[in-house]
Amino acid sequence: MTMLIIGASGFLGKELVRQATASGHAVAATFVRNPGRLSGAKWLPLDLRNREEIVSVLDEVDPGVVINAAYRKADWATTAEGAIRVAMAAADRGARLVHVSSDVVFSGAQIYYGEAATPDPISPYGAAKAAAETAIRLLAPAAVIARTSLIIGDGNSEHETLVHELSEGRRDGALFTDDVRCPVHVADLAAAILELASSDHAGIRHVAGPDAVSRHELGLLIAHRDGLDPATLPAGRRADTGVPGPLDVRLDSSETQHSLRTRVRGAREFLSGDRRH
């Protein structure tokens, strides 16, 4: 059985390819501009804005499993319409689908969100993700929609890069003290998604860490691990900036965590080490 990983050149996508090939899966991996450098996968160009390309890639690969980790925050055609076309194509071919979604489908008004919570997005990106979720649940009811939160790694995630740039004065801005999420390590998230892909789970599944931390607290944890001076990290309040999007969104992942072998760690655990040694 072949596994098709869409958005494989992204941060999560690369880890999915790495783990899937290491586990012996036949993997086809898609990219928009630059193919990944990981060996063991067949790399194919795919722009989700192009319906013909989606059909062509799925016809060529004939996957048993499709994992869609692709998105573009400012692009409805990719994040919403493209994801829906992937779901339609997967359903037509009888392929199992795991669609990666996000906590941005929520406004933050409720703060704590279980898997049965109704999306109420307040940003264009959140609206695109919510639209994709709704369509996929109708078109492919056996699919898994895996909602997650901030994805962190071992130094190369977007947020880790931001922390280093702020600390070193290479970037202006602040880490918000009122913007709270449940970060997840990319290796844990990829392992959980691959486990869900090979299971009989269906519907909404929350795959986020158990620790709710602000972006500023997360920055301090990264600084401690990487030997940065915490005093160099500027703090601020998102509510004072007018930047659109939810503030405090905490995904309750306990139900899915109890049913998985993969243990998803919290930020305070996976950032507790010292990467300098």
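This is a predicted model: local features need pLDDT of at least 70, side-chain atom pairs count only at pLDDT 80 or more; totals for chains, interfaces and linings use all residues.
**Notebook: sheet, helices and salt bridges**

I started with helix H2 (residues 51–61), which lies across strand E1 (2–6), strand E2 (26–31), E3 and E4 and runs at about 160° to E3. Helices (H or I, at least four residues) and strands (E, at least two) are DSSP runs numbered from the N terminus. Angles go from 0 to 180 degrees between N-to-C directions, with axes fitted to C-alpha atoms, for helices over the stretch in contact.

Residues count from 1 along each chain as its sequence is written, and side-chain values use heavy atoms, leaving out hydrogens and water.

Next I looked up helix H6 (residues 186–197), which packs on the sheet and touches E1, E4, E5, strand E7 (144–148) and E12; contact means heavy atoms within 4.5 Å.

The sheet is open, and its 7 parallel strands run E3-E2-E1-E4-E5-E7-E12. Strands pair if DSSP finds at least two bridges between them. I found E3 (41–45) and E12 (203–206) at the edges, each pairing on one side only.

Then I checked salt bridges (a Lys or Arg side-chain nitrogen within 4 Å of an Asp or Glu carboxyl oxygen). Asp179 and Arg215 make one, at 3.0 Å between the closest N and O atoms. Asp179 sits in the loop between E9 and E10 and Arg215 in helix H7, so the pair ties together parts 36 residues apart in sequence. Asp179 is buried at 0% relative accessible area, while Arg215 is partly exposed at 21%. Buried means under 20%, exposed over 50%, partly exposed in between (1.4 Å probe, protein chains only).
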